[in-house]
Amino acid sequence: MILFPPPKKVQLLEGASAFTQNRVRFPHAASPRLKSAVARLGFQPASEGIELNIGSHPPVGYTISANGDSIAIRASDEESAFRAFTTFRQLLRQRDERIPALLIEDSPDLETRGFMLDISRCKVPRKSSLFSLIDKLADLKYNQLQLYTEHTFAYRDHRLVWQDASPLTADEIQEIDSYCYDRYIELVPNQNTFGHMERWLRHKPYQSLAESPNGFLHPLSGWKEHGSTLKPDQASLDFVASLLEELLPNFRSSKVNIGGDEPWELGQGASKTLVNTRGKHAVYLDHLLRIQKLVSKSGRQPQFWGDIVMEKPSLVSELPSGTTALLWGYEANHPFAEQCAIMQQAGLPYYVVPGTSTWNSIGGRLSTALLNIEAATDNALAHGATGLLLTEWGDNGHHQSDLLKIPSALYAAGRAWNKHATHRDHLSTAARLVFSDLTTERDFRDLMELGRIPDHFSQPLHNASWLNKVLFASKKDFQAIRDSISLKEVTACIDNLNTINASHSSLAVSRELLLFAAHKAHSILNNQAPAAIPQELLNRFEEDWLSRNRPGGLAESLTMLATPNS
């Protein structure tokens, strides 16, 4: 018997097996929301059956007591009651409605257990895909979801920005919000409002809002033709206010993630004089606080990405008490300990934000992801974080399979709920318990093996894998590749990939892309011209994309795959 996330305490008792026909005796005060949520798990209201009590015992979490023919669930609140029935359903799945006499005592380690999906880097999931994801998050006891948005909400007056992106509409957001609400998940609005606005600022009507409307020098990737950061002035603030005024009423949540990360060109353009006088961090914080004040006036609690504040920790003391910092970092050695200690000392709420490490990888970077999640959860609990937000990004075309996030989503869920009882060995069984996409143990093993391909290289890349870099390498990159990886490492990848059968169609596309990249690397290392990616493989990539996602962004993503060698 496996339960996931693992409960705090499972005690098997002597006596006859308990039995239930999935009938529940609800307390008189139970809400229609709880009754319908529990019914979706397969339990029906009745005058007899499982006795449900909601109140002060336990103070947090729930207990399940099954002894003889008597089954009782006690929960601190309705959300905990829903989590208890999630656990109970896992018991029934494995016991054909007969379970041993037992006592389960359970509660979460972290109050907020969130997942964030990037819907702005080419891929916008179909509504059915989002509903499926929400069901799985509920099974794993997540209680928050964010959909990272730059330009993929259909704002009424901004069709120029989103017309090719297959955006979510207001009606769809409201439907998704209700779907989350019915599963005790909070859908938190997420709209970047400072940096990462390049999808807006590339268009002429919005260029007057840009810090650098004619382009800027990106510190990592060179010259960019369009700005990506809103200039810190009243015009930008008014623009953001208009977006939030339209977006926020579609959500029940009292929170909103306003972004604010990576304002790369701040100080290069419109704010150059101000930054030279006051410093980049002071100018950044002043404008961020104006956005936060705007949000607070609407009755919402702002969240923001904490990277710039962590560059100058003295700024933390200037943050308002109702603001939640999101401390993100996606490598195994990210300084969560140092950053969490700073926030704990300041006494301000914050989340740790690890990642699935699937983006810029094609097959995932599993070793990095698991170590990153461990570091995040360890330090969250050691330094009083209020939550965890696991992120799934789609940088540079969102080419990774949607399935690759599964191991990380499992591991983060388990460690955020019960750090001390969640081990990597649980993941295979838990995956088959929760994710119907993986129908066999072999599917999960293939998934894990794809994620371990980057381990063959002695020089790991930051936030990316070598085969992903090779896949998209143009001729100007070839010499750097020759200087950094070896034929022995590439051969090991090819040998390993040839042992992965990948019967699942989506994983098969990932395997073939990695194998193509490995052979391309082989050609580069031998000073041979690499072949173009086969059209048949591009067709399979497109088919896999459209099986779960909307068409917006697909052409851009395919173009990146088809034309890297020039």
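**Close-ups of a strand trio and a helix pair**

**View 1. Strand β16 runs parallel to β17 (residues 324–328), and three bridges join the two.** This is a predicted model, where local features need pLDDT of at least 70, side-chain atom pairs count only at pLDDT 80 or more, and totals for chains, interfaces and linings use all residues. Residues are numbered from 1 along each chain as its sequence is written, and side-chain values use heavy atoms, leaving out hydrogens and water. Strands here are DSSP runs of E with at least two residues, helices runs of H or I with at least four, numbered from the N terminus; two strands pair if DSSP finds at least two bridges between them. Look for glutamine 303, which sits opposite threonine 324 in β17.

**View 2. Strand β15 (residues 255–257) also runs parallel to β16, again with three bridges.** Here lysine 255 faces glutamine 301 of β16. Four of the five residues in β16 (residues 301–305) are buried (under 20% relative accessible area, 1.4 Å probe, protein chains only).

**View 3. Helices α18 (residues 487–498) and α19 (residues 505–525) have axes that come within 9 Å and cross at roughly 155°.** That angle makes the pair roughly antiparallel (over 145 degrees, taken between N-to-C directions on a 0 to 180 scale, with axes fitted to C-alpha atoms over the stretch in contact). Residues in contact (heavy atoms within 4.5 Å) include Leu487, Val490 and Ile494 of α18, plus Leu514, Leu515 and Ala518 of α19. By class, the contact has nine nonpolar, four polar and one charged residues.

Conventions: Buried < 20%, exposed > 50% of the residue type's maximum accessible area, 1.4 Å probe, protein only. Parallel < 35°, antiparallel > 145°, perpendicular 65-115°, else oblique. Nonpolar A, V, L, I, M, F, W, Y, C, P; charged D, E, K, R; others polar.
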